[in-house]
Amino acid sequence: MKILHTADWHIGKKLHKHDLFADFDLFIDWLCKIIQDENIELLLISGDVFDLANPSSDARKQYYQSLIKLQKLDCKIIATGGNHDSPAMLDAPKEILRELDISIIGGLPEKLEESIIPIFNAEQQVELVIAAIPFLRDADLRSANEGITYEDRIEAIRNGIQHTFEKAAEICQNQFPGIPAVAMGHLFAAGIETSESERDIQIGNQAAFNASQFGQFFNYVALGHIHKPQRVSAEVPVFYSGSPIPLSFSERKDDKRILVLDTAISWEPKSITVPNFRKLLKISGDLNEIEFKLNTLENHDHLDYLIEVDLIEEQYDAQKIYALDVLINGFKKPGYEIVKQRAQFKNKLKGTAELYAESQQLEDLKPTDVFAELVSSHDYEETTKNEIWSAFNEILEEIHQSENLDQQA
C-alpha cells in the first residue's frame, strides 16, 4: 500500500496579516498531482488542519474544497486534530465525510477503539490499521488529583501520552493480529528542532515525549506539530512531515516536503520536496545596504515574495528610523511586499519595554515571551519559578481550549 504523510496545513494562516490562501491552493493542486503520479491509496494528515480553533468562513470553505479535490482521486483520507484545531469543529461533519471515505478524529474519543481505523484492500481484506491519535490535551492525560507538583504534572502528561499509544497498540494487536499498524500523533518529541510558528503545548513544551516510548509495535509513526521536517530517534521510523508551506520567516530556508511510504518495499519513507510557491526574504543591513538590496530585486512570476526588513545600525539615530519608514512606505516593486520591519542599534542598551517597542511588533510576541520577561524581573527560587510557569501554562492551555468551547456555542 502507498501512503502519503503530511501535517500542519494551518488553513487560514496569516503571515503578518498577509493571507496564505493562494499558497495553500497551489499546494493542494500539486498534492493532487503527486497522489495521482505516485498512485497513493491512503493520505494521512497529522493535525493542525486549521490555524485557528474558530476558523473563518473562507478557511472552512478552502478546507472542504480541498477535501473534495482529494476525494475525487479515490484515495482514503484520515485527518486528526492538532493543538490549533477545535475537536468539536472538526468532528461535526465526520458522519457525512465518512460516507466519502474520509475519517476525521478531531479529539480523543471516549472509547479509544474509535480511533483505530482498518484499511481494506481491493479484496476487502484488512491490509493495514491506523491508530489515528489526535493532539492529547491535559484533560485526556491526567485526572484532577494527579500532578500535585510541577514535576508530577510533567510526568503525568508523559505517562499519559505513552499509555495512550500503548493502549492503541494493544487494541490493534488484539483486533487485527498480524496486520501492520501505523500510528498518527500530534505532539512535541524530545530532541527535535523547532521554528517560531509552533504554539507551545503541554506545560510549555516541558513535557517533551521521548519517542523511544512509542515502542516497537508500530511500523511507522506519522507525527505533526513541528513545522521543520525531520526524523525522530526511535526504535521504529518516526517522522515529522513538517508544514507544506512556510508559516514564519524562520521557516524560509526549510526544505518543505511530504513523505511517501510504499509498504510493499519498506517502512522508510521517500521524501518529496514541495515546490516553493512563494519566497520569504529577509533583508538586513544599514540604511544604504537595505535601499540597495530593495532596488536590485529581480522580477519574477510567482506569488508576491514577502519581505522582512531588519535595519542594523551602530548608533541610535531617530532620523534613520524615520528614513526607514519613508523607504518602506515608498517601496512599490511589483511582485514584492514588505510585511515586517524593525530597527536595531548595536551601541545602545535598552530596557525591555523599549526593545519591544522598537525591534518587535506586538503580533510577533508569544504570550510566553512576555511572561518570561515578567518572571525574569523577579528573584524567584527555582521551585517557585517552576510552579509559576506551570500555573501560567495551565491558564494558557485553558484559554486555547476556551476557543473550542466558543466554537461549540
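Visitor: Hi! Where does asparagine 39 lie?

Guide: Asparagine 39 lies in the loop between H1 and E4. Helices (H or I, at least four residues) and strands (E, at least two) are DSSP runs, numbered from the N terminus. This is a predicted model, where local features need pLDDT of at least 70 and side-chain atom pairs count only at pLDDT 80 or more, while totals for chains, interfaces and linings use all residues. Residues are numbered from 1 along each chain as its sequence is written, and side-chain values use heavy atoms, with hydrogens and water left out.

Visitor: Is asparagine 39 buried or exposed?

Guide: Asparagine 39 is exposed, because its relative accessible area is 55%. Buried means under 20% relative accessible area, exposed means over 50%, and partly exposed is in between (1.4 Å probe, protein chains only). Asparagine 39 also has a positive phi of about 55°, although it is not a glycine.

Visitor: And what about lysine 17, what is its phi?

Guide: Lysine 17 has a positive phi of about 70°, and it is not a glycine either. You will find lysine 17 in the loop between strand E2 (14–15) and strand E3 (18–19). Lysine 17 counts as exposed because its relative accessibility is 71%.

Visitor: Let's zoom out. How many helices and strands does the protein chain have?

Guide: The chain has eleven helices and 17 strands. Of its 409 residues, 52% count as buried. Among contacts with a separation of 6 or more, 72% are between residues 24 or more positions apart. Contact means heavy atoms within 4.5 Å.

Visitor: Which residues touch the most other members in the largest nonpolar core?

Guide: Those are Phe27, Leu31 and Ile258, in a core of 41 residues. Elements giving two or more residues to this core include helix H1 (21–37), helix H2 (57–71), strand E5 (76–80) and strand E13 (257–262). H1 gives the most, with eight residues. A nonpolar core is a set of buried Ala, Val, Leu, Ile, Met, Phe, Trp, Tyr and Cys residues joined through side-chain atoms within 4.5 Å.

Visitor: What is phenylalanine 27 in contact with?

Guide: Leaving aside neighbours within four places in sequence, phenylalanine 27 is in contact with Thr6, Trp9, Pro244, Ile245, Ile258, Val274 and Phe277. Another core, of 31 residues, lies apart from the largest one, and its members include Phe214, Leu223, Ile226 and Val236.

Visitor: You mentioned H2. Where does serine 66 come in?

Guide: Serine 66 lies in helix H2. It counts as buried because its relative accessibility is 3%. Beyond its neighbours within four places in sequence, serine 66 is in contact with Phe24 and Ile28.

Visitor: What lines it?

Guide: The lining of this second largest pocket includes Met1, Glu41, Lys76, Asp101 and Phe120. Strand E7 (residues 116–120) gives the largest share, three residues.

Visitor: Lysine 76 is on that list. Which strand does lysine 76 lie in, and is it buried or exposed?

Guide: Lysine 76 lies in strand E5. At 12% relative accessibility, lysine 76 counts as buried.

Visitor: What polar contact does the side chain of lysine 76 make with aspartate 101?

Guide: It is a side chain to side chain contact of 3.3 Å. The side chain of lysine 76 also makes a polar contact with the side chain of serine 103 (2.7 Å). A polar contact is a pair of N or O atoms within 3.5 Å; within protein, one must be able to donate a hydrogen and the other to accept it, and residues adjacent in sequence count only if both atoms are side-chain atoms. Lysine 76 and aspartate 101 are 25 residues apart in sequence and 5.7 Å apart in space, C-alpha to C-alpha.

Terms used: On a 1 Å grid over the protein atoms alone, a cavity is a set of points where a 1.4 Å probe fits but cannot get out, and a pocket is an open set with protein on both sides within 12 Å along at least five of seven lines; lining residues have an atom within 4 Å of a point.
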